[in-house]
Amino acid sequence: MRRNNIDISFIILIILLAGNSMRSGAFSDPKAWLLDKLLLVPAIIIGLSMHEFAHAVVADKLGDNTPRLQGRVTINPLAHIDWLGLAALFFCGFGWGQPVQINPFNFRNRRRDELFVALAGVVMNLIMAALFTVVAKVVLMAAGADWLTMTTLGTGVWTMLLYIVQINLVLMIFNLIPCPPLDGFNIIANIIGFAQTEKYWTIYRYGNWILVALILFGITGLIITPCVNFFMNLFWLVIL
């Protein structure tokens, strides 16, 4: 997810979704809820930071040195994490990293290169999901199913690996939704050819509220859940 600032729409959404998350887990079994969330942290950090790193490195390779000058061409999570976005993903199931700033006038082919930059984040999330699927397969072969399912450490390691795959898939699908400020909107805008037009900015101006409505009414869930389930089924085909 890309955003330029946080307005009241996202504050309201975070409060509502965080409250629902706390009621459904933290209040019923606080210890289990906290442990589960701690196992989720590596997945969130990897997913968000690699997503933004991909935007930065592709922009840099295509001729815009703005991300490099701002220290964004690095895999160091501290360069990419937005702490409110991290907390939102932790508690609410959606979130964002620190947006990578670009200067499209530095690109040789503006429309094509902006498209590649927009695609970079979601492609990176897919790569990370595939990579950690392989890692999970190796761990399963090396450690054995008994250790991964019957020991505390093994269960923790296995759950963490599953979360890394799952969160990267969630970030990929979520960001492909063609609604500003998500990458999917910029991808569609550059494919169709209305990026940087008055129509583009008119839609973008109301993007936050549109996205909040899609989340609150469960539309994003209707898109994300079956897509993630599809990829997770492929995951299990590789693993088992």
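Two residues are in contact when they have heavy atoms within 4.5 Å of each other. Among contacts in the chain between residues at least 6 apart in sequence, 75% join residues at least 24 apart. The model is predicted, so local features need pLDDT of at least 70 and side-chain atom pairs count only at pLDDT 80 or more, whereas totals for chains, interfaces and linings use all residues. Residues are numbered from 1 along each chain as its sequence is written, and side-chain values use heavy atoms, with hydrogens and water left out.

The secondary structure of the chain consists of 11 helices and zero strands; helices (H or I, at least four residues) and strands (E, at least two) are DSSP runs, numbered from the N terminus. Of the 240 residues, 47% count as buried, where buried means under 20% relative accessible area, exposed over 50% and partly exposed in between (1.4 Å probe, protein chains only).

Helix α7 (residues 152-176) packs against helix α11 (residues 219-239) at an angle of about 135 degrees, with the axes 9 Å apart. Axes are lines fitted to C-alpha atoms, for helices over the stretch in contact, and angles run from 0 to 180 degrees between N-to-C directions. The two helices, α7 and α11, are therefore oblique to each other (under 35 degrees counts as roughly parallel, over 145 as roughly antiparallel, 65 to 115 as roughly perpendicular and the rest as oblique). Residues of α7 that take part in the meeting include Trp158, Leu162 and Ile173, and those of α11 include Ile223, Phe231 and Trp236.

A search of the whole structure finds 10 aromatic pairs. Rings of Phe, Tyr and Trp (its six-membered ring) pair if their centres lie within 6.5 Å; planes under 30 degrees apart count as stacked, over 60 as edge-to-face and the rest as tilted. The ring centres of Phe185 and Phe194 are 6.0 Å apart and the planes stand at 75 degrees, so this pair is edge-to-face. Both Phe185 and Phe194 are buried. Tyr200 and Trp201 also form an edge-to-face pair, at 4.9 Å centre to centre and 85 degrees between the planes. Tyr200 is buried, with a relative accessible area of 4%, whereas Trp201 counts as partly exposed at 39%. Phe185, Phe194, Tyr200, Trp201 and Tyr204 form one aromatic cluster.

Charged side chains also lie over aromatic rings, a placement that requires NZ of Lys or CZ of Arg within 6 Å of the ring centre and within 35 degrees of the ring normal. Lys199 lies over the face of Phe194, at 5.6 Å from the ring centre. Arg110 lies over the face of Phe105, at 4.7 Å from the ring centre.
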